[in-house]
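Please read it alongside the sequence and coordinates.

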Amino acid sequence: MSNITKDPLYYPRTELAERLVVSLKDGISHALTLFAPRRMGKTQFLLQDIKPLAEKMGFHVCYFSFMDTFISGDNQAQGTDIQQAFCQALSTFLTKTVQVKLNKALGKIKTVEIAGMVGVGLDNGKLPVQTSPSRLLQEIAETSQKPVLMLFDEIQELARIKGMQALVKSLRTGLDMYQSKIKVIFTGSSTNGLRTMFNDSKAPFFHFAHALNFPNLGRDFTDFLADIYQQRVGKGLDKTVFFTIFQRLNYTPLYMRTITQNLIIDPELSLEQAVQKTLDEIGFQNENVQQWQQLSELERQILRLIAQGKSALYSQDTRQQLANLLGVEQISSSTIQGKMRKLERADLITRGVGDELKINQPQFQTWLIENKI
Ligand SMILES: Nc1ncnc2c1ncn2[C@@H]1O[C@H](COP(=O)(O)OP(=O)(O)OP(=O)(O)O)[C@@H](O)[C@H]1O
Ligand SMILES: [Mg+2]
């Protein structure tokens with residue numbers, strides 16, 4: 001990663017990264033889950049902050065995203081793709097980073113037969129071996145001279161996709177057995193999926209990891225971007241206004257950096273014009289508009305309330321307000337509950353660690369607020 005050109009608009013989250021890596025290194029915790037809605041900067045944080053810091057602090061680091069492996073259309077095929085890609089990533093990490101000679105490592109793995117195995121197709125196609133995450137983790141733990149940090153992005157996909165049980169169990173076994181050597185940070189953007197993974201008493205990772213809200217960036221972030229603007233363009237930005245825009249756009253870093261880019265490229269733009277241009281550019285993708293069109297009026301109203309930060313959706317007052325909007329006499333709590341379940345299953349809404357309701361995609365949240373539909 002170190003030879004990648006540094007991204008000048010990336011604001012490092014060093015303090016947070018330090019806090020997490022130190023508590024893993026010191027054994028205060030062996031597994032953490034970072035939760036945030038989509039597009040809030042989880043992946044960038046893992047790659048740009050956590051990975052280099054952890055390497056500096058003596059870890060071997062392995063990153064894998066369970067979301068990037070959507071190769072095939074149907075669920076079953078996706079499952080096989082993910083299993084293959086995951087085991088491939090672990091064995092590449094084992095051979096390339098942990099620096100074990102390919103033949104030696106595979107020679108050992110090949111002879112072991114355990115339950116829940118998945119096939120790993122190797123690049124050269126010559127050495128088809130049967131192995132599993134737990135077996136690979138064992139190999140990693142036993143051969144690594146250094147502690148290991150696994151960064152598993154979008155872990156809720158494992159709960160969402162069918163046929164993942166064997167992989168999940170095996171992963172859990174491996175991480176459990178080698179806790180002292182292998183630390184892990186999971187990220188997730190769907191509470192529904194995360195709950196299935198971590199919180200249900202029958203869940204494979206029940207209480208396995210310490211859950212943390214991924215905090216929003218603050219004024220220091222927008223000040224940082226404003227300073228870059230000043231350096232490049234030679235004139236200042238009203239930092240207070242700039243921060244207010246960030247708040248208005250639900251603390252989504254992507255918007256602010258795009259606004260900054262637009263302002264640097266075209267210094268004639270006013271701040272408000274740059275905001276508008278960015279909103280138009282990033283917009284709200286077509287597929288979401290289609291999804292919106294398929295929702296019932298009650299579902300839309302519920303989403304609007306959540307976007308406005310309302311949480312007491314079952315209260316008499318709110319139900320009456322919704323009934324008035326829809327022009328009906330009343331709406332029961334169970335009707336609302338059913339709708340909420342549907343919206344949550346569709347990942348349109350999600351819950352934070354403290355169970356607070358949120359719109360899952362900040363872009364959607366912004367769209368709901370900015371387009372007074
Ligand atoms: N600290 C930061 N400084 C500057 N820009 C950032 C920062 N964090 C995130 N971004 C911007 O926000 C975008 C989204 O970040 P990222 O892909 O990490 O989010 P995510 O939470 O992983 O989203 P998803 O749920 O879609 O995977 C990045 O492409 C980057 O442009
Ligand atoms: Mg991501």
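Helices (H or I, at least four residues) and strands (E, at least two) are DSSP runs, numbered from the N terminus. The model is predicted, so local features need pLDDT of at least 70 and side-chain atom pairs count only at pLDDT 80 or more, while totals for chains, interfaces and linings use all residues. Residues are numbered from 1 along each chain as its sequence is written, chains are lettered from A and ligands numbered from 1 in the order in which they are written, and side-chain values use heavy atoms, with hydrogens and water left out.

Helix H9 spans residues 219–233 and contains Thr-222. Burial is judged by relative accessible area: buried means under 20%, exposed over 50%, and partly exposed in between (1.4 Å probe, protein chains only). With 1% relative accessibility, Thr-222 counts as buried. A polar atom of the Thr-222 side chain lies 3.1 Å from the backbone oxygen of Arg-219. A polar contact is a pair of N or O atoms within 3.5 Å; within protein, one must be able to donate a hydrogen and the other to accept it, and residues adjacent in sequence count only if both atoms are side-chain atoms.

Ligand 1 has 16 residues around it, and the closest are Arg-38, Arg-39, Lys-42, Thr-43 and Gln-44. Here a residue is near a molecule or strand if one of its heavy atoms lies within 4 Å of it.

| Residue | Atom in the residue | Distance to an oxygen atom of ligand 1 |
|---|---|---|
| Arg-38 | polar side-chain atom | 2.7 Å |
| Met-40 | backbone N or O atom | 3.1 Å |
| Arg-257 | side-chain N or O atom | 3.3 Å |

Met-40 also belongs to the lining of the largest cavity, together with Arg-13, Phe-214, Pro-215, Asn-216, Leu-217, Tyr-251 and Pro-253. On a 1 Å grid over the protein atoms alone, a cavity is a set of points where a 1.4 Å probe fits but cannot get out, and lining residues have an atom within 4 Å of a point. The structure holds one cavity of 30 Å³ or more, and the largest cavity has about 30 Å³ of space. Its volume is the space filled by probe spheres set on the points, which are joined across faces, edges and corners. The lining divides into six nonpolar residues, one polar and one charged. In this count Ala, Val, Leu, Ile, Met, Phe, Trp, Tyr, Cys and Pro are nonpolar, Asp, Glu, Lys and Arg are charged, and the others, Gly among them, are polar.

Strand E1 (residues 31–35) is largely enclosed by the rest of the structure, because five of its five residues are buried. Ala-31, Thr-33 and Phe-35 point one way from E1, and Leu-32 and Leu-34 point the other way. Two strands pair if DSSP finds at least two bridges between them. E1 pairs in the parallel sense with strand E6 (residues 182–188) over five bridges, and also with strand E7 (residues 210–213) over four. Leu-32 has Ile-185 as its bridge partner in E6 and stands opposite His-210 in E7.

Most residues other than glycine have a negative phi. Glu-154 has a positive phi, near 55°, and lies in the loop between strand E5 (148–153) and helix H6 (157–160). Asn-250 likewise has a positive phi of about 55°, in the loop between helix H10 (239–248) and helix H11 (253–265). Glu-154 is buried at a relative accessible area of 6%, and Asn-250 is buried at 18%.

Definitions and conventions. On a 1 Å grid over the protein atoms alone, a cavity is a set of points where a 1.4 Å probe fits but cannot get out, and a pocket is an open set with protein on both sides within 12 Å along at least five of seven lines; lining residues have an atom within 4 Å of a point.
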